[in-house]
Amino acid sequence: MKKFKGKKILWIILAGVIFLTGVSYAWLTINLTGTKRVVIRSGNLSLNLDETSKEGINLINSYPMTDQEGMKTTSYDFTLKNDGTVSSNYVVSIDDVTETEKKLDLNILKYDLKKTLYNKDGSEKNSQTDTMQLLSSIKTDDGITLDSGILEEGEYITYELKIWIDYDAGNEYQDSAFNGVLKIDGTQIIE
């Protein structure tokens with residue numbers, strides 16, 4: 001009989017634990033209803049760079065020239081378009097990838113940049129031309145920053161970039177070169 005009594009007590013204790021667990025769970029469970037509305041939006045971030053020149057930005061066997069001559073050189077043309085479904089911050093820069101021993105100094109390289117912004121429907125939104133400056137004036141730790149701003153969905157920008165050696169550069173820059181590649185950094189604007 002002692003064995004039976006021990007099992008009965010075990011069952012009573014087990015039933016009590018289950019009962020207390022269920023009551024404790026019901027007592028500790030709470031339902032919260034908020035009044036704040038949470039909205040999650042997502043979109044596609046897509047910046048498309050279209051370069052007409054596949055050779056990159058190159059000054060090889062160039063010679064010093066006046067600003068008037070520099071403005072008549074062939075431009076390096078490219079387009080930046082927001083093909084995504086969200087607005088985007090962008091930075092257009094040039095990375096110096098010159099691999100020769102004799103490298104042209106940014107303090108003697110001049111540039112001119114014409115920028116035209118177009119709406120989604122293709123109509124011109126605005127246009128600007130930078131004054132002729134030395135590339136060293138737009139050099140940052142991240143590269144040579146040509147332009148930055150916000151590009152809305154469907155908008156695009158056309159660029160015409162000209163780079164030449166300043167007329168006052170000395171003979172020490174003969175047989176020197178500059179090679180650059182475009183770099184685009186973009187981040188989605190969270191609204």
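What is the mean pLDDT of the chain, and what share of its residues reach 70 or more? The mean is 79, and 74% of residues reach 70 or more. pLDDT is the predictor's confidence in each residue, from 0 to 100. One stretch needs a flag: over residues 23-42 the pLDDT is below 50. Beyond near neighbours in sequence, that stretch has 1 contact in the model, a contact being heavy atoms within 4.5 Å.

Ground rules, briefly. This is a predicted model, where local features need pLDDT of at least 70 and side-chain atom pairs count only at pLDDT 80 or more, while totals for chains, interfaces and linings use all residues. Residues are numbered from 1 along each chain as its sequence is written, and side-chain values use heavy atoms, with hydrogens and water left out.

Now to strand E5, residues 109-118. Strands are DSSP runs of at least two residues, numbered from the N terminus. E5 is mostly covered, with 9 of its 10 residues buried. Buried means under 20% relative accessible area, with a 1.4 Å probe and protein chains only.

Next, its partners. Two strands pair if DSSP finds at least two bridges between them. Strand E10, residues 156-165, runs antiparallel to E5, joined by 10 bridges. There, Thr 116 faces Thr 158.

E6, residues 124-129, is also antiparallel to E5, through 5 bridges. Lys 114 sits opposite Thr 129. E5 and E6 make a hairpin, with 5 residues between them. In that turn, Gly 122 has a positive phi of about 95 degrees.

Last, E7, residues 133-134. It pairs antiparallel with E5 over 2 bridges. Lys 110 lies opposite Leu 134 there.

Note on methods
Buried < 20%, exposed > 50% of the residue type's maximum accessible area, 1.4 Å probe, protein only. Helix = DSSP H or I, 4+ residues; strand = E, 2+ residues; numbered from the N terminus.
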